[in-house]
Each structure stands twice: as structure tokens, then as C-alpha cells.
Amino acid sequence: MKAIDIAIKDMKRSYRSAVGLVFMFALPLLTTGLFYFMFGNIASGGEFDLSVTRVIVADLDEGSPDLRAQMASAPGGLQAATLGQVVVEALQNEDLSDLLEVSLAEDPASARGAVDGQEAQVAILIPADFSRQFADPTGRAVLEFYQDPTLTIGPGIVRSILSRFLDGIAGTKIAVEVALDEGGPEIVERIGEVVRLYLEAALAQDADAAGMIEVRSPQAEHEATSPLVQIIGPIMGGMMIFYAFYTGFATSQSILREEEERTLPRLFTTPTPQPAILVGKLLAVFLTVVVQMVVLLVAAYLIFRIEWGEILEVGLMTLATVITASSFGVFFNSLLKSTRQSGAMFGGVLTVTGMIGMISIFVRGSPSAATLGNTVSLLVPQGWAVRAMTMAMDGATLSSLWPSLLGLLGWSAAFLGIGVWRFSRRYA
Amino acid sequence: MNAIQVSELHKSFGDVKAVQGISFDIREGEIFSLLGPNGAGKTTAILILSCILRPDAGDAQVMGHSIRQDPMAVKAVLGVVPQEIALYEDLSARENLTFWGKMYGLRGAPLRQRVEEVLELIGLTDRANGRVSKYSGGMKRRVNIALALLHKPQVIYMDEPTVGIDPQSRRSILDGVVALKNQGTTVLYTTHYMEEAQELSDRIAILDHGKLIAHGTHEELVRIVGGLDRITLTLSAESPPLIEAWKATRGVQRTSVEDGAVSLLVEDSNLVLPRLFDGAAAHGVRITSVDILEPNLEAVFLHLTGRALRD
């Protein structure tokens with residue numbers, strides 16, 4: 001119980017240090033934020049602003065008598081006389097107006113010219129025999145799609161809309177062909193009927209046409225695989241580990257600080273066993289780093305939408321990192337005579353080992369350097385923590401994560417064993 | 001009954017013998033002072049009796065518990081006021097008291113009640129929630145002492161609690177020590193201020209170079225110097241022949257020179273002083289100041305060690 005009291009007191013003191021709070025929480029998030037804004041211009045509330053694609057259509061379709069007869073008799077009145085006109089109407093649908101701005105051209109040359117002149121991004125050329133080819137069971141209805149080669153998103157959307165629309169029509173046609181094979185020539189008239197039904201359904205469900213284009217901002221559900229998150233996720237993880245080790249060291253320093261403040265000798269005058277005092281101090285270090293890690297994991301998810309991986313793997317990775325960071329701090333503080341020597345530790349040991357540990361993050365994009373970088377980073381405990389973290393982020397299973405976790409625990413056992421031994425001897 | 005019984009304690013740090021076989025006992029409910037100059041071994045003795053330092057040899061019993069065999073039981077009956085302020089300055093007085101109360105085993109409502117009582121006692125109820133770092137030196141001293149009183153200990157060690165504070169706070173602390181004695185608490189008080197030891201103590205032990213050179217009541221100690229007066233003189237110039245002449249003067253028992261001042265223990269200052277002036281005139285030396293003290297602890301220390309007990 002007294003150990004818990006000591007831990008709570010130490011944590012209270014840690015969280016009253018403005019400098020400590022900055023290093024624990026603000027700096028890791030700020031550093032990652034810098035990368036976030038450097039690599040992704042999505043600071044405006046996370047909304048993805050998709051510009052309207054200008055489409056110009058040259059509809060030369062002359063129609064087909066059979067098709068026209070059926071479409072004219074459609075309940076609710078389909079006004080389109082040709083299949084080309086149906087395509088145009090589909091593109092001009094109100095639900096697509098946020099995405100497409102459709103205009104008509106007199107002929108294919110002017111439509112192509114509009115694209116060449118950058119007045120439109122896409123030109124759709126509907127040939128004169130489009131309906132006729134469609135109505136012919138052996139025919140092949142083909143649209144020409146002409147786009148600005150420097151663009152991808154806008155033309156891609158138009159292509160998607162058309163593909164879905166035409167896929168549906170093609171499917172209908174196949175169904176009709178099967179029916180023809182089975183039913184004989186008298187069913188020819190039924191082609192139009194089937195197409196009519198399809199078009200009726202297709203146009204009645206225009207909203208679905210818009211729905212087939214799912215426009216999502218980079219923060220939507222597929223963010224984990226977005227390039228931005230792929231870049232800043234490991235960076236945030238690296239920062240989190242770097243500063244977790246910092247916190248482990250800084251909070252472990254409370255042992256030396258209390259010695260200098262004379263509160264530690266005073267604690268020894270109370271009926272509190274020495275092991276309870278040491279356990280309390282270690283517990284404070286551990287819990288402070290736990291709080292820091294959990295806050296940063298959650299904050300990074302909420303702010304940057306970083307997916308850390310499966311809960312069990314992330315939990316174990318976090319636990320192992322916390323234990324290692326805490327024991328690292330205890331070990332290095334046990335080597336110091338006073339807090340005045342800690343500057344060298346902060347500036348030297350923590351920074352150097354932290355940077356070495358993060359090498360593997362910065363060589364992720366370079367396969368040739370990755371092998372060497374990954375090996376070098378494992379020379380320090382931070383490297384093992386980074387490895388476990390990136391593996392968890394990449395969806396590693398528990399069985400593949402175990403070696404990294406055991407590596408971390410190995411470092412911890414060595415650090416903690418030596419650190420506790422030295423402190424126990426010091427205060428014996 | 002003895003609250004504390006010390007037997008042949010020894011403690012060395014390398015070649016430095018900090019405590020050399022001291023023995024004494026302290027009765028229940030008395031104020032016992034350890035008096036001595038800086039480096040005499042007072043704090044080392046307190047640390048040993050607080051079970052922070054382990055003696056190289058010897059033992060002590062505190063309320064019947066051996067500091068060697070049962071240090072936890074000793075600590076449970078003790079309150080220790082360290083020489084230097086030992087507080088968490090980034091916590092408030094109330095938070096400090098609550099934490100230290102828990103370390104002494106207090107919990108829940110009794111702890112909360114005791115914290116309020118102690119805050120009232122040291123007059124800090126209004127400032128209880130302010131951070132200690134914002135307190136004055138005197139306020140910190142009071143909190144420093146209050147922490148040792150939380151669990152109503154049977155024995156309190158106070159290691160030079162009045163060092164570096166203003167006269168008003170010193171007076172307040174000395175009154176507090178007397179109040180503790182009146183409540184039946186045994187107090188072991190260390191100081192190098194002779195006046196404090198003289199005013200407070202039922203009995204006094206004088207330490208020098210780790211050795212206990214005398215102990216007893218104030219009257220018993222003064223009797224050691226045989227009722228001698230102490231005369232301190234300063235001269236216009238150093239004159240070893242004059243000092244030698246004074247040593248041989250009738251009525252002079254002991255002579256020492258420190259920082260240009262000559263201290264003499266004499267049988268009757270009224271008779272001896274004219275002889276001292278005559279001697280100075282004979283050696284052509286002018287006496288620039290004279291200070292006469294009737295028998296006190298300073299004189300005892302001078303008598304026993306040949307040195308002055310300097311503040």
C-alpha cells in the first residue's frame with residue numbers, strides 16, 4: 001500500500017512539471033504533426049475537396065427502330081430515343097452534378113478539341129450505330145473515351161460511371177441472347193422489352209449511379225493504407241518510443257532528486273521498508289510511461305487516424321516498451337551520482353540510442369538500406385521497440401511478434417536487474 | 001524508565017571516526033540535548049539512532065527496541081526532524097502532511113483529522129493548499145517539524161532545527177519543543193547553540209570529535225569547571241610573551257587563543273582582571289576589549305577541550 005502511495009505521489013509531481021508534460025505529450029504529437037502537414041495538405045478539417053470534372057459528349061447515335069419502339073412505351077415515359085441519349089441523360093443526372101459538368105458537342109472533332117484545349121477533361125464519343133449494335137444480338141456497341149492524359153481522378157470517375165452503366169446493359173444483353181437461344185426468333189421483340197426494363201430500373205435508381213463512386217477523404221476507413229498514414233504512422237510510433245524512453249529516464253531520476261532534496265533519507269526514517277520505497281519509485285516510473293503511451297496512442301489515432309494494429313498485439317507491444325523504457329531509466333540513473341550529471345545522459349545516451357533505434361523507420365522506403373538499418377537499430381532497446389511497433393502496425397500476428405517482445409523483455413531484465421542492484425547497494 | 005539507552009556506539013567513514021564509543025541514556029519525557037561544534041558527531045549519532053546508518057559497533061534501545069534487531073519498531077515510535085528542510089516543494093503543505101502521514105501508517109479519517117490538527121498547530125490552515133515552494137523559510141521549517149509530529153511519536157529527534165531562521169521562528173520552535181515535553185514526549189535535541197541547550201534541556205551531553213566528553217544537567221556540567229569565570233580579551237597586537245605571563249598569573253586556570261581573542265578561565269574575575277591589565281602594561285600591549293562570563297556551557301567546553309564552542 002505504501003508503495004502505491006509513493007507511486008501516486010511521484011506521478012502527481014511528474015504531472016505538475018510543465019517541462020515534463022511538454023516532453024511527454026506535446027513534443028511527440030507536435031513532431032508528428034509537422035510530418036503530417038509536410039506530407040499531407042489535408043489540414044482543413046480533413047475534408048477531401050474533389051473538383052468537378054468537365055465532360056463533353058458527342059452523341060451521334062441514330063438509334064434503332066426496335067429499341068425506340070420499346071423505350072417509347074415504357075411506363076412513366078422514357079423520353080430517350082436512342083441508347084446514346086440514355087447515356088447522356090445518365091451522365092447529366094442531378095445526383096452526379098457535384099462530380100460532373102456535362103455538355104454536348106456537335107461532332108467528335110470538336111469534342112476532342114475541347115479536351116485538347118483543356119476546356120474539358122473527358123470527351124465521350126457515341127457512334128451512330130451505338131443503339132443498332134446494341135439491339136443486334138451479334139453486334140458490339142462501343143463508346144470512345146477521350147481524356148486529358150495528365151489527369152487521373154476526374155476521368156477515372158467518369159470511366160467508372162460509364163463502366164457500371166454499360167456493364168449493366170451488357171449483362172442485360174447476355175441475358176437476352178440466352179433467351180433467344182432458348183426461345184427462337186419470335187423473341188426478338190423481347191430484346192427491347194428487356195432493355196426497357198433495365199433502363200427503367202437504371203434510371204429510376206440514378207442515385208445509385210452516384211453511389212457507385214464512393215468519394216472518401218483520406219481520413220475515412222481506408223486511411224491505414226493511405227500513403228500519408230503509411231508515412232506518419234511509423235514516425236509517430238518512433239516519436240512515441242523515443243519520448244517514452246525519455247520519460248522513463250526523467251521519472252527514474254526522482255530517486256536521485258529525492259536524495260538531493262533529502263526526502264529520501266527522511267523516508268528511510270519512517271516505518272516503511274526499503275523495498276517498498278524502491279518498488280513505489282519503480283511503479284511510478286512504469287505507470288507514468290504507461291499513461292504517456294496510452295495517451296499518445298489514442299491521441300495519434302484521433303488526430304492522425306493512425307491505425308496501430310490489433311488490440312492484443314498493440315497492447316503487448318506497449319507493455320513491453322513501457323517495461324523496457326522504465327528499466328532503461330532506472331539503469332542509467334543508477335550509474336549517476338547526482339542529477340547534475342543527467343545532462344550528458346539526456347543529450348548523449350538518450351538522443352543517440354533513440355536515433356539509432358529509429359533508423360529502421362527512416363529506411364523503410366529504401367529496400368537496399370532497410371536490411372542494414374534494421375540490423376543496426378537492434379543494437380539498442382529502442383530499436384526492438386520500434387520493430388515491435390511497426391510489426392504490430394503491419395498486422396503481425398502474435399506468433400511473429402513474440403521474438404521482438406522477448407528481445408525487449410531481455411533488455412528490461414538486464415537493465416532492471418543491474419539498476420535495482422546498484423540502487424539497493426547504494427542505500428543499504 | 002529510559003526512553004533511549006545508547007551503548008558504546010561506533011561509526012567510521014573511511015579514516016574518519018565520526019562516533020567513538022558514545023554511551024548515554026535518556027529518560028522518558030525529558031529533553032536531552034547533544035551539544036557540540038560542527039563535525040562533533042551529533043548528526044551521525046542521530047542518523048544511527050534513526051536507523052538510517054548502521055553502527056560499526058554498539059547498540060541502542062529506543063522505547064525497548066534495538067536499533068540493530070528491530071529497526072522498523074524503532075522507526076514506528078520515532079519522529080525525526082532533519083537538520084535540512086526535507087519537503088516536496090511542488091506539493092502543498094496538506095499534500096505533504098497527508099503523504100508523510102501515510103508513511104507513518106495513518107489512513108482514512110484519522111489521517112485527515114490529524115492533518116488538520118497539525119496544520120492548526122503550526123498555524124498554516126489558511127495556506128495549507130499552497131505549494132510549499134511559495135512558503136517563507138520559517139513556514140517551511142514549521143512544516144518540516146510538523147511532519148514528524150503526525151503520528152504522535154513517543155520520541156522525537158530534532159537535529160539542529162533552528163539553523164538559519166529568524167529569531168521569531170526560533171522562539172516559536174523552542175516553545176514548541178517545551179510543549180512537546182509537557183505532553184510527555186521524549187525529545188533528543190542536537191544543537192551547537194549553547195543558549196538553546198541551556199534553556200531547553202533537562203540534561204545535556206557534550207560531544208567533541210565523536211566522543212562524549214561530558215553529560216549531565218546544566219548544573220552538574222557547570223560544576224565541572226568549578227565555578228570558574230570566563231574572561232575574553234582582545235589585544236592591540238599579538239604577544240606570545242604576554243600570554244605566557246598570563247598563564248602564570250595567580251587565579252588563572254586555563255588559557256586559549258582563538259582568532260586573536262584570548263580566553264581565560266579564572267577563579268574570580270574581580271581579583272584576576274587587574275593582574276591581567278598589569279601584565280599587559282608590563283609587556284607594552286593594550287587591551288582593546290574585555291568580556292566576562294559567569295560559568296556556563298561554553299566555559300565547560302573550553303575547560304574540557306581547550307577550545308571555544310563557536311556558534
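**Figure 1. Helices lying across the sheet of chain B in the predicted model.** In this predicted model, helix H11 of chain B, residues 297-305, lies across strands E11, E12, E13 and E14 of chain B and runs at about 95° to E13(B). Helix H10 of chain B, residues 269-282, likewise lies across E11, E12, E13 and E14 of chain B, with a direction at about 20° to E11(B).

**Figure 2. The open sheet of chain B.** The sheet is built from 4 strands of chain B in the order E12-E13-E11-E14, and its pairing is antiparallel. Strand E12 (252-258) and strand E14 (287-293) of chain B stand at the edges, and because each has a single partner strand, one side of each is left without a neighbour in the sheet. On average, and with direction ignored, neighbouring strands of this sheet are turned by 20° against each other. Within the sheet, strand E11 (residues 229-235) and strand E13 (residues 261-266) of chain B pair in the antiparallel sense over 6 bridges, and Thr232(B) has Ser263(B) as its bridge partner in E13(B).

**Figure 3. Nonpolar cores.** The largest nonpolar core has 148 residues, and those with the most contacts inside it are Ala244(A), Phe245(A), Ala388(A), Ile4(B), Leu49(B), Leu97(B) and Tyr157(B). Helix H10 of chain A, residues 227-252, gives the most to this core, with 14 residues. A second, separate core of 29 residues includes Leu96(A), Val102(A), Ala105(A) and Ala114(A). When residues up to four places away in sequence are not counted, Leu97(B) touches Val115(B), Val118(B), Leu119(B), Ala146(B), Leu147(B) and Leu150(B).

**Figure 4. Contact between chains A and B.** Contact between the chains involves 16 residues of chain A and 18 residues of chain B. On the side of chain A that touches chain B, helix H1 (2-15) and helix H12 (263-269) of chain A each supply at least two residues, and H12(A) gives the most, with 6 residues. By class, this side of chain A has 4 nonpolar, 4 polar and 8 charged residues.

Figure 5. Chain A contains 18 helices and 4 strands, and buried residues make up 40% of its 428 residues. The average pLDDT of chain A is 80, and 80% of the residues score at least 70. Over residues 42-47 of chain A, however, pLDDT stays under 50, and the model has 5 contacts beyond four places in sequence for this segment. Residues 206-224 of chain A also stay under 50 in pLDDT, with 36 contacts beyond four places in sequence in the model. Where pLDDT is low, the predicted coordinates should not be read in detail.

Terms used
Residues are numbered from 1 along each chain as its sequence is written. Chains are lettered from A and ligands numbered from 1 in the order in which they are written. This is a predicted model: local features need pLDDT of at least 70, side-chain atom pairs count only at pLDDT 80 or more; totals for chains, interfaces and linings use all residues. Two residues are in contact if their C-beta atoms, placed from the backbone, lie within 7 Å. Ala, Val, Leu, Ile, Met, Phe, Trp, Tyr, Cys and Pro count as nonpolar, Asp, Glu, Lys and Arg as charged, and the others, Gly among them, as polar. A nonpolar core is a set of buried Ala, Val, Leu, Ile, Met, Phe, Trp, Tyr and Cys residues joined through C-beta atoms within 7 Å. A residue is buried if 20 or more other C-beta atoms lie within 10 Å of its own, exposed if 12 or fewer, and partly exposed in between; C-beta atoms are placed from the backbone. pLDDT is the predictor's confidence in each residue, from 0 to 100. Two strands pair if DSSP finds at least two bridges between them. Axes are lines fitted to C-alpha atoms, for helices over the stretch in contact, and angles run from 0 to 180 degrees between N-to-C directions.
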